[in-house]
2 protein chains.
Amino acid sequence: MHLYSKEDTIVALATPAGVGALGVVRLSGRHAVEIAQKFCKKKIAGKDSLLFFAKLAYPDTENILDEAMVSVYFAPRSFTGEDIVEFCCHGSSFILKELLRLILEAGARLAQAGEFTQRAFLNGRMDLAQAEGVADLIASDSSASHRLAMTQMRGGFSDKIKQMREDLIRLAALLELELDFAEEDVEFANRQELYTQNTQLAYAIEQLIGSYKLGNVMKHGFPVAIVGKPNAGKSTLLNALLDEDRAIVSSIAGTTRDTIEEQKNIGGIRFRFIDTAGLRETEDVIEKLGIERTLKKIQEAQLILYLFDMQDFSLEDLEEAKIQLEAYQIPYYFVGNKTDLLSEDSLKTWANIPQLMSISAQNKADIKALEAMLLTHIDQTPDHESQIILSNARHLSCLQNTLKALHTVRNTLDARLSTELIASDLREAVYHLGEIVGEITNNDLLDFIFSKFCIGK
Amino acid sequence: MHLYSKEDTIVALATPAGVGALGVVRLSGRHAVEIAQKFCKKKIAGKDSLLFFAKLAYPDTENILDEAMVSVYFAPRSFTGEDIVEFCCHGSSFILKELLRLILEAGARLAQAGEFTQRAFLNGRMDLAQAEGVADLIASDSSASHRLAMTQMRGGFSDKIKQMREDLIRLAALLELELDFAEEDVEFANRQELYTQNTQLAYAIEQLIGSYKLGNVMKHGFPVAIVGKPNAGKSTLLNALLDEDRAIVSSIAGTTRDTIEEQKNIGGIRFRFIDTAGLRETEDVIEKLGIERTLKKIQEAQLILYLFDMQDFSLEDLEEAKIQLEAYQIPYYFVGNKTDLLSEDSLKTWANIPQLMSISAQNKADIKALEAMLLTHIDQTPDHESQIILSNARHLSCLQNTLKALHTVRNTLDARLSTELIASDLREAVYHLGEIVGEITNNDLLDFIFSKFCIGK
C-alpha cells in the first residue's frame, strides 16, 4: 500500500522558484480536467492534446487571476499516462501561489518529489531505469553526464538489461519444464548450451560492471590529484587550467583549507582537480595529520599529476618520486613546470622521459596539450560513444547480485548438482535484473528512488 | 534608430534559473520557425498554434539533446505579434544552456530585458501602459498589487486614458478648424462648452492623481510606524502581528538596528510595519542622532500606531503624546497594551477615548481587531474595487503635465486670449496623455521602461 494514493489528482510548480517571465503549474490525475475547468474560462474538451490562451479566474467569479497558455494532455497519451493540465502563467510568485492554493482547494493535493515520474512508471509509460534517467537528465551538467542520462531515459540501457533478462527467463523456463517432468528424468535444457549461455551473460554483465568506473566519471566527474613539492607551481597550474571558468569555481563551497578541489569541463567531461598541500617529511604532529588527510584525498583520485619545478629537480628526484607514486597504485603523469625559465639545453634533460610533459603554468604554455593528454587518458577506456555505460550505483548493485547468482549457476553446473538448484539460482539472477528496470519492485525502493527527484517532476 | 534591431530573431530563457522539473526557452522573430526547425525533428507547419512532442537534436545529427514539448505561435496571433517557438525542456541547466547556445549559433541573438514585451508593444499587440502592467503583474506580491497590475495589463487603465485623450483631440480638432478659417472669424468650438469640458477633464485627472497615494500603497505596501516609549511592548506587538509569517519576515534583509521594518499581508494589502526605537528626551549627542533618524523614518509612514503600557500611563501622558503626534501631520491611533495585566476598573479608565483601542500583545488578544481597524482605515479612501487607480510614477508625471496644460487652457480661456494659444495647450495635454499609452514615445523612454523587465519577458 502506497503512502500516497495514486487516485489523487496531484499538482506542483514545475519551474524553479524565483523571478522569471513564466511559471508553469502542472496538474495530473483523473480529476485534472474537472479541476482545471473551475478556473479556466474556456471549455476543455477533446481527445487530442490542446494548447490555448485562456483567462484563469477565481471560481464562480469574473475576478481574473491570470491570462495563461493552457496545455492539456489526455490519458493515456501524456507523460504520466493520466490527464495532465499545465498552466503557463506570468512568472509572478503571487499568481503561482494563488493558483496552487485554488487548485488545492478544488481537491488536488501537492505532489511529492518525483511523483509525476513515479506515476509515469506505475502507468507503464517508462520503466524504472528510464525514470531514473529523467532525474539524471535534469541533474546533468556536462555533455558526458547528459549523454549517459539521455541514453538511459530513452531506454537504451533498459533494452540491454531486458534482453539479458529475456535470455535468462528462456533458460529458466526450460529448467522449470524439466522440474515439471522430474520423474521422467529428461533434459530439455542442454547442459553444455546452458553453461555457454551462462558464461556469455556473465561476461556481458562483467563488461557493464566494468563500465561503471567510467560511467561514474562521466556522471560525477574525473578526479585528478595535483601533487608536488611546495612552490612547484600547483596553484598556478590550477589557475591556468581553470582560466575563464574562475567565476563558476568561486561558487563551489565546501573546499577545505588543506586540499582545494575545483572543477573544469574539458571536452564535455567534468574534471575535478584536487590541489594538494605540498608533501614533505616532517616531525610536526599536526602537520603529519594534515599530510595524512592529503594522502587520503589522493587515494580518491583516478589520476595523479606530479608537478615539479624543472629548475631544481634532478633525474634522481624523479626516480624517488616515481617510487612514492607507484605506492598509490593510481595512474600518474609527470608534469615538468617553468619551461619559460629553462634554457634549451636544460629542456633537453627532460626530453624523452616517458609519461612526462613540460609546461609553463605561468605563461599558460602547453596547457591545451595537458588537457588533450587528460582526455586521451580517459579515452583509453573502451569506446564510450557507442557502448552502454553503467552510471547508477543501484544498477551496479543489482548487476553484482546478478553476476553472483550466475557464478553460482556455473559452480552448480560444474558440480553437476540438481536442476532445482540451478533453476533457483537462475530465478535469482532474473530477479535482480528485474529490479533494475522495475519488473520487480517494492514501495520502499520506489520511495527511495523518487524522493531524490525534484518536486514537479 | 533602435540600438537593437527589430528584425533580429531573439531568444531567452523564460523560466527562472535554478533547479526545476521544466525550463522554457522562448524564440521570437521572423526566423523563429526556420531556426527551430534546425533542432526539431518534427516538421513545423501550419497557421494555427501548435503543441507537439519532439526530439531536439544537434543540427544535422541524430545526437539528441532533449525530448521536449514544443509550442508554436504564428504571426500575428502571438504574444509578440511575430512567430514564436517555445521549447519546454527538462529543467537541466546543461540542456537549457546547450539549447540557447545552438539557437544563438543558428542566427538568433539573446533578447534584452523586456524585449519580447517591447515587440508586443511595437507590433501593436498592447499599448505602453499595458506593457508596463505585464512587468507589474510579474512583480506583484499581494492581491492588491496583483489586482492593480491585472487591470492595467488588461487595458482598463488605458481605456480610461484613451477616452480622455479622444475627448481632448475632438476639442482640439474644432480649434484647429477655426485656425484654418482664421480670416473668417468663426467659432466652431463653443467657448463655454470648451470651458466646461476642460474643467470636467481636469477634475477626472485630479481624481486619478489623487488615487496615486492609494495605488502606491497597493503596489508597494502601506507603511505603519509603531511608536511609543521603551517597554510599551512594541516588539511584542510586531511579533503578534507577524505571527505565522515569521519565516518570510526573516528573509527580508536591510533592516537597520534602530528601526526595524517588517511586512505582513492583511486582507490582500501589504502593510509595512516600522518598529521604532523608544523616543525620549536626551542630552546624549549620539542618541539624539539616532532619534533624529527614527523621526525621519516616522515621516515616511502613512499611519502611526502609538503604543503604550496602560499600567503606567495617565490621561495626562495621553494628552502630551497627542500634542507630539499632531506635529507629524500623519493619521494616528492610540493602542493601549497589556489588557491582560489590568483590572476591570482600570480598563474603564481607557474606555470611550476616541481613536484608542486596547490589546494584549503578549496574549495576542484583539490583534485581529487591530488588523481590521488598519484595513478600515485604508478603506476610508474611495472605493477601490471598481475605481481605476493610478500606481505608476511615470503615469503620475504624465497626468500632472496634462493637468498643468489643462489649467493653462482654462486661464487662457479666462483671459480670452487667442485660439492659437488654447489649441497649443490642448495639443500639449493630448501629447502628455499620449505618452502614457505610448501613442507618443521615443527610444530613450522605451529603453528606460523595458530595461526594468526581466529577461525572457
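## Basis of the model

Residues are numbered from 1 along each chain as its sequence is written, while chains are lettered from A and ligands numbered from 1 in the order in which they are written. Because the model is predicted, local features need pLDDT of at least 70 and side-chain atom pairs count only at pLDDT 80 or more, whereas totals for chains, interfaces and linings use all residues; side-chain values use heavy atoms, with hydrogens and water left out.

## The interface of chains A and B

Contact is defined as heavy atoms within 4.5 Å. By this rule, 44 residues of chain A touch 44 residues of chain B. The size of an interface is often given as the accessible area lost when the parts come together. Buried area is that loss, taken with a 1.4 Å probe and summed over both parts. For chains A and B the value is about 3500 Å², with 67% of it on carbon and sulfur atoms. A:P16, A:L22 and A:F94 supply 17% of the area that chain A buries against chain B, more than any other three residues.

Two salt bridges are found across this interface; a salt bridge is a side-chain nitrogen of Lys or Arg within 4 Å of a carboxyl oxygen of Asp or Glu. B:E67 and A:R154 form a salt bridge, with their closest N and O atoms 2.9 Å apart.

Several elements give two or more residues to the side of chain A that touches chain B, among them β2 (22–28), β4 (64–73) and α5 (143–153) of chain A. Helices (H or I, at least four residues) and strands (E, at least two) are DSSP runs, numbered from the N terminus. β4(A) gives the most to this side, with seven residues.

## Helix α4 of chain B

Helix α4 of chain B covers residues 128–139, twelve residues in total. From its first C-alpha to its last it reaches 17 Å, close to the 16 Å expected at 1.5 Å a residue; the expected span is 1.5 Å times one less than the number of residues.

Eleven of the twelve residues of α4(B) are buried, where buried means under 20% relative accessible area, exposed over 50%, and partly exposed in between (1.4 Å probe, protein chains only). The buried residues include B:L128, B:E132 and B:I138. At the start of α4(B), a side-chain oxygen of B:D127 comes to within 3.0 Å of the backbone nitrogen of B:A129.

## Salt bridges within the chains

Over all chains, the whole structure has 44 salt bridges. In chain B, B:R26 pairs with B:E86, the closest N and O atoms being 2.8 Å apart. This pair links distant parts of the chain, with B:R26 in strand β2 and B:E86 in strand β5, 60 residues apart. Both B:R26 and B:E86 are buried.

A second salt bridge of chain B joins B:E62 and B:K41 at 3.0 Å, N to O. B:E62 is exposed, with a relative accessible area of 64%, and B:K41 is partly exposed, at 41%.

In chain A, A:K322 forms a salt bridge with A:E319, the closest N and O atoms being 3.7 Å apart. Both residues lie in helix α12 of chain A, three residues apart, about one turn of the helix.

Terms used
Buried area is the accessible area (1.4 Å probe) that two parts lose on being put together, summed over both. A polar contact is a pair of N or O atoms within 3.5 Å; within protein, one must be able to donate a hydrogen and the other to accept it, and residues adjacent in sequence count only if both atoms are side-chain atoms.
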